Amino acid sequence: MTDEHDTPAPDAPAAGAPEPEAAPAEEGLPAFGRWLARERELRGLTRDEVTRAIKLAPGVVEALESGEEARIPPRAYVVGYLRGYAAAVGLDPDEVVLRFEEAAGPVEARARRARRGADPRVLAGAALALAVAAAAAWAMLGR
């Protein structure tokens with residue numbers, strides 16, 4: 001009698017075998033960043049060479065390759081940065097932007113995550129304080 005818990009899953013990699021490459025959409029931005037760095041390294045380029053070629057601050061290129069959502073520039077900038085990065089590394093700019101979009105998810109989801117940090121109670125308190133200040137100014141000007 002064999003115990004099914006003792007056998008590895010059929011799709012699990014064998015011990016010591018390299019893990020299969022994950023698609024950026026499966027792991028999100030960190031996988032996308034690793035893919036960018038790996039493509040750069042496969043072409044024998046350093047991060048500094050890419051930074052100089054596209055004339056960006058080293059922190060921007062590092063942020064793109066890190067895949068940390070909090071460090072990645074706003075979308076209005078990141079698409080241009082990625083196109084420049086792709087050109088410097090020898091990748092298809094459209095493919096790079098598409099992979100980024102797939103990894104980052106829908107724009108609406110990113111916007112919700114960004115807005116999630118604002119506490120509704122703080123916003124309500126600020127609105128109340130503004131209303132009180134406006135009423136006080138109205139009362140003072142009316143006299």
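**Labels and their cut-offs**

Visitor: Why is Lys55 called exposed?

Guide: Lys55 has a relative accessible area of 72%. Exposed means over 50%, buried under 20%, and partly exposed lies in between (1.4 Å probe, protein chains only). Therefore Lys55 counts as exposed. The model is predicted: local features need pLDDT of at least 70, side-chain atom pairs count only at pLDDT 80 or more, and totals for chains, interfaces and linings use all residues. Residues are numbered from 1 along each chain as its sequence is written, and side-chain values use heavy atoms, leaving out hydrogens and water.

Visitor: Where is Lys55, and what is its phi?

Guide: Lys55 sits in the loop between α3 and α4. Its phi is positive, about 55 degrees, although Lys55 is not a glycine. Helices are DSSP runs (H or I, at least four residues), numbered from the N terminus.

Visitor: What makes α3 and α4 oblique to each other?

Guide: α3 and α4 pack at an angle of about 120 degrees, with their axes 9 Å apart. Axes are lines fitted to C-alpha atoms, for helices over the stretch in contact, and angles run from 0 to 180 degrees between N-to-C directions. Under 35 degrees is roughly parallel, over 145 roughly antiparallel, 65 to 115 roughly perpendicular, and the rest oblique. Therefore α3 and α4 are oblique.

Visitor: Which residues make the contact between α3 and α4?

Guide: Arg47, Thr51 and Ile54 of α3 meet Pro58, Val61, Glu62 and Glu65 of α4. Contact means heavy atoms within 4.5 Å.

Visitor: Why are the buried residues of α5 said to line one face?

Guide: Val78, Val79, Leu82, Tyr85, Ala86 and Val89 are buried in α5. Seen down the axis, they fall within an arc of 125 degrees, so they line one face of the helix. The arc is that of the directions from the helix axis to the C-beta atoms. On the other side of α5, Ala76 and Ala87 are exposed.

Visitor: What covers the buried residues of α5?

Guide: The cover includes α2 (29-42), α3 (47-54), α4 (58-66) and α6 (93-104).

Visitor: What follows α5?

Guide: Gly90, with a positive phi near 95 degrees.

Note on methods: Helices (H or I, at least four residues) and strands (E, at least two) are DSSP runs, numbered from the N terminus.
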